[in-house]
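Let's take a walk through this fold, one piece at a time. Have the model open and follow along.

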Amino acid sequence: MTVSITDVARAAGVSASTVSRALRGREGVSEEVRARIEIVAASLGYTASRSASTLASGRTFTIGVVAPYVGRWFFGKVLDGAEQVLSAAGYDVLLYNLGSREARKRFFARMPARKRVDAVLSLLIPDGEESAALRSLGVPLATTVGGARPGFTVVGIDDRSGATQAVRHLVNLGHRRIGMISGAGGPQQWTTPGERRQAYLDVLAEAGIEHDPALEADGDFTVRGGERAMTELLAAVRPPTAVFAQSDEMAMGALRALRMHRLTAPDDVSVIGFDDHELAEVLGLTTVAQPVAEQGAQAARLLLRQLADPNAEPPAYQQIPIRLALRETTAPPSPRGPQ
């Protein structure tokens, strides 16, 4: 037999509305009465109806996630971190995968998330019109990519600082011919490749090293792209003695290309990545470590905090610390390296 909220109210000696407020964490119920109602509800095996709670509160208990990719490691890790926090809080996740220009255009034209979600976590950087469309939903908004923007709570890292640490590490080891594997294959409006490239150029200039365009190659932010880019760099008239890959996946591809050419890191070419992928430690990859899943988890916590207290001013930007993880793929240049 199904236990109703009326049964709980009768057993606890209070009204049904008091039971509803107590079990939903609303004000107007003393802690003593709330505790008694929770004990009674548990003893009777009462489970609140999600549909009834939705009608009473106006909430959908669903968080929309807008993503440019779901199959790529970075975005999958952010989504996983966010989902764990939201699920523990009783929220469902509604995923909108905008992997193509057509899907993205269709989403922002129709805004299917309207009245279906209580908040939105965006894993893409919207342009001006897209940002306005998301703000028109009238729900809390958060993102884990890009810098601060109006109407959004942004959780992220300092890409330029991280890339600066990576390239300076190679310079400090004594390298003068430093290549870079970047990624043009990121989502639209993505600022990360540009920020990391600018740091690369700045450190070279700071060290008095002339920039050689032949030492840059596009790796598409994939393992296969990193392998292709490293092969291109090795074919240069004067190959690099060290390479900064803007992601660990591209760095892994670079290591595979070295093996294919019977070369090793760091004896022939030093390689440093960015992310601290789960396999980075296994491969001994020196990298810039960023807590990817934690960025998604923290963005989810901030959205839940806004939903719990709509009048509180949410932080515009929250920066997550990063660090240089020194492992085995970087060392001073070797005479046996590619000439």
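Strand β1, helix α5 (residues 73-88) and strand β2 make a right-handed β-α-β unit; right-handed here means that, with the strands pointing away from you, the path from the first strand over the helix to the second runs clockwise. Helices (H or I, at least four residues) and strands (E, at least two) are DSSP runs, numbered from the N terminus. Keep in mind that this is a predicted model, where local features need pLDDT of at least 70 and side-chain atom pairs count only at pLDDT 80 or more, while totals for chains, interfaces and linings use all residues. Residues are numbered from 1 along each chain as its sequence is written, and side-chain values use heavy atoms, with hydrogens and water left out.

Stay with β1 for a moment. It runs parallel to β2 (residues 92-97), joined by 6 bridges, and Thr62 sits opposite Asp92 there. β1 also runs parallel to β3 (residues 119-122), this time through 4 bridges, with Val66 opposite Ser122. Two strands count as paired if DSSP finds at least two bridges between them.

How buried is β1? Of its 6 residues (62-67), 6 are buried, so the strand is largely enclosed by the rest of the structure. Buried means under 20% relative accessible area, with a 1.4 Å probe and protein chains only. In a regular strand the side chains alternate between the two faces of the sheet. In β1 both faces are covered: Thr62, Gly64 and Val66 are buried on one side, Ile63, Val65 and Ala67 on the other.

Now over to another sheet. This one is open, with 6 strands in the order β7-β6-β8-β9-β10-β12 and mixed pairing. Its edge strands, β7 (216-218) and β12 (323-325), each pair on one side only, and the twist averages 20 degrees from one strand to the next. Within it, 4 bridges join the parallel strands β6 (residues 178-182) and β8 (residues 242-245), and Ile178 faces Ala242.

Helix α11 (residues 248-260) packs on this sheet, touching β6, β8, β9 and β10, at about 155 degrees to β9. Helix α8 (residues 159-172) lies across β6, β8, β9, β10 and β12, at about 165 degrees to β9. Such angles run from 0 to 180 degrees between N-to-C directions, using axes fitted to C-alpha atoms, for helices over the stretch in contact; contact means heavy atoms within 4.5 Å.

Last stop: helices α1 (residues 5-12) and α3 (residues 31-44). They pack at about 125 degrees, with their axes 9 Å apart. The contact involves residues including Val8 and Ala11 of α1 and Ile37 and Val40 of α3.

Note on methods. Buried means under 20% relative accessible area, exposed over 50%, partly exposed in between (1.4 Å probe, protein chains only).
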